[in-house]
Amino acid sequence: MTRHPPSALAAIARAYGVTLEEVTVANEPAWKGCCPFHAEKTPSFYVYVTDTFLCLGCGASGDGVEFVRRIEEAKTAWLAACAAHFAEHYSMNRARAAQAAASAWGACLQHHGDQASALTSCLPADAADECMKFGGAA
Ligand SMILES: [Zn+2]
């Protein structure tokens with residue numbers, strides 16, 4: 001198989017934990033993997049030589065800046081949902097819930113290995129029961 005020059009966006013996506021394999025789309029090299037923006041078992045997330053991405057599953061698309069914005073936004077949303085869960089189910093105040101959410105995120109990252117897997121395989125509400133136990137943070 002011919003090696004193609006690496007795509008900057010593919011390298012960024014990999015740094016966030018997206019596993020990509022090289023494929024050919026319309027006679028151009030491309031990279032395919034499981035989408036970091038929705039849970040899926042069959043890869044439908046593509047990175048193209050133009051350094052743009054498109055998910056055929058959830059429709060997420062954009063360039064490298066958009067990729068980083070979206071994945072950081074997903075993390076922020078995860079933390080907020082997790083904090084809300086703690087506040088509601090463990091009667092924590094906002095500051096304590098935010099702190100617990102941050103430590104659940106740390107445990108979740110450790111448990112799942114990378115940000116893309118953590119975001120797509122661990123629901124914020126599960127963090128208390130699964131990842132926090134795993135990370136000993138509960
Ligand atoms: Zn997707």
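Glu21 stands opposite Lys32, a residue of strand β2. The strands β1 and β2 pair in the antiparallel sense, over six bridges. The model described here is predicted.

This pairing belongs to an open sheet of five strands. Their order in the sheet is β1-β2-β3-β4-β5, and the pairing is antiparallel. Strands β1 (20-25) and β5 (61-63) stand at the edges. Each has a single partner strand, so one side of each is left without a neighbour in the sheet. From one strand to the next, the twist averages 25°.

Strand β3 covers residues 45-48. On one side, β3 pairs with strand β2 (residues 28-33). Four bridges join these two strands in the antiparallel sense. Within this pairing, Tyr48 is the bridge partner of Ala30. Strand β3 also pairs with strand β4 (residues 52-55). Here there are three bridges, and the strands again run antiparallel. Val47 stands opposite Phe53 of β4. The hairpin of β3 and β4 has three residues between the strands. In this hairpin, Asp51 takes a positive phi near 60°.

Strand β4 also holds Cys55. Leaving aside residues up to four places away in sequence, Cys55 touches Cys35, Phe37, Ser44, Phe45, Ala60 and Ser61. Pro43 is 12 residues from Cys55 along the chain. The C-alpha atoms of this pair are separated by 8.8 Å.

Helix α2 (residues 64-89) lies across β4 and β5. The helix runs at about 120° to β5.

The whole chain can now be considered. The protein chain has six helices and five strands. From the N terminus on, the elements run α-β-β-β-β-β-α-α-α-α-α. Buried residues make up 30% of the 138 residues. Among contacts with a separation of 6 or more, 40% link residues 24 or more positions apart.

Conventions. Residues are numbered from 1 along each chain as its sequence is written. This is a predicted model: local features need pLDDT of at least 70, side-chain atom pairs count only at pLDDT 80 or more; totals for chains, interfaces and linings use all residues. A residue is buried if 20 or more other C-beta atoms lie within 10 Å of its own, exposed if 12 or fewer, and partly exposed in between; C-beta atoms are placed from the backbone. Two residues are in contact if their C-beta atoms, placed from the backbone, lie within 7 Å. Two strands pair if DSSP finds at least two bridges between them. Axes are lines fitted to C-alpha atoms, for helices over the stretch in contact, and angles run from 0 to 180 degrees between N-to-C directions.
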